[in-house]
Amino acid sequence: AAEDVELQLCRVGSDLHDGPAQLLALALLKLDIPPQGSGLGPKVVDAVRDVLGEALSEIRDISAGLALPEIAGLSLSQALIVVASEHERRTSTRVVCDLPGKAIEIPHVIKLCLCRVVQEALSNTFKHAGGRGQAIKARWTEEAVTVEISDTGPGMAPSKRQGKRPALGLVGLRSRLESFGGELIIESQAGVGTRLTGRLPIFG
């Protein structure tokens, strides 16, 4: 089921990139060559171009986020480094990685789950903390894998952590981990930063 979900995400990303993104790009090109006698003034054309440009950029970002780099032949440490590098490339920020050199044998679906968690958590650090102090730390034993994603941003307000309606992204992270018998721990302090800890048991 997890593999089917990953395939579906890839299809959605490809559809966004090849469908609406291409149409928006075509619209931007047409705006550069307005028909003779067009009643559109320069200011209107510029405004429409800006809106279309923002929409195109957003769709491309969504597509990139859905398309996880190929990690099938990589160790968990290597896969996490690839995810961190892709995040750095997209956001022009830095991610400090503290990962074990010793490889661990885990099912592909577990590796995918952890990479998705790190990918989403890094997106959150960039969105809410501007990418300040982004770091990934992973540790594992024969029984479980633990991955921490932290930042040194403003932290989360207590109301957001204790409210009745937690952020959708955090709900998704927690559900993803719990579907494999894992857990998500959220620690945040105002003015200090936030740390998300995901823990997954290892099964054959």
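**View 1. Helices α4 and α5 cross with a right-handed sense.** A crossing is right-handed if the near helix is turned clockwise from the far one by less than a right angle, and left-handed if anticlockwise. The model is predicted: local features need pLDDT of at least 70, side-chain atom pairs count only at pLDDT 80 or more, and totals for chains, interfaces and linings use all residues. Residues are numbered from 1 along each chain as its sequence is written, and side-chain values use heavy atoms, without hydrogens and water. Two packed helices are described by the angle between their axes and the distance between the axes. For α4 and α5 (residues 108–129), the angle is about 25° and the axes are 10 Å apart. That makes α4 roughly parallel to α5. Angles under 35 degrees count as roughly parallel, over 145 as roughly antiparallel, 65 to 115 as roughly perpendicular and the rest as oblique. Axes are lines fitted to C-alpha atoms, for helices over the stretch in contact, with angles from 0 to 180 degrees between N-to-C directions.

**View 2. Residues of α4 meet residues of α5.** Contact means heavy atoms within 4.5 Å. The α4 side includes Leu76, Leu80, Val83 and His87. The α5 side includes Leu114, Cys115, Val118 and Phe126. The residues of this contact divide into 10 nonpolar, 5 polar and 2 charged. Ala, Val, Leu, Ile, Met, Phe, Trp, Tyr, Cys and Pro count as nonpolar, Asp, Glu, Lys and Arg as charged, and the others, Gly among them, as polar.

**View 3. Cys113 and Cys115 are both buried.** Buried means under 20% relative accessible area, exposed over 50%, partly exposed in between (1.4 Å probe, protein chains only). Cys113 has 2% relative accessibility. Cys115 has 0%. The sulfur of Cys115 is 9.3 Å from the closest cysteine sulfur, in Cys113, too far for a bond. A disulfide is a pair of cysteine sulfur atoms within 2.5 Å. The count comes to 0 disulfides.

**View 4. Ser92 has a positive phi.** Ser92 is not a glycine, yet its phi is about 55°. Most residues other than glycine have a negative phi. Ser92 lies in the loop between α4 (76–91) and β1 (96–98). With a relative accessible area of 69%, Ser92 is exposed.

**View 5. The chain holds 7 helices and 5 strands.** Helices (H or I, at least four residues) and strands (E, at least two) are DSSP runs, numbered from the N terminus. Of its 204 residues, 34% count as buried.
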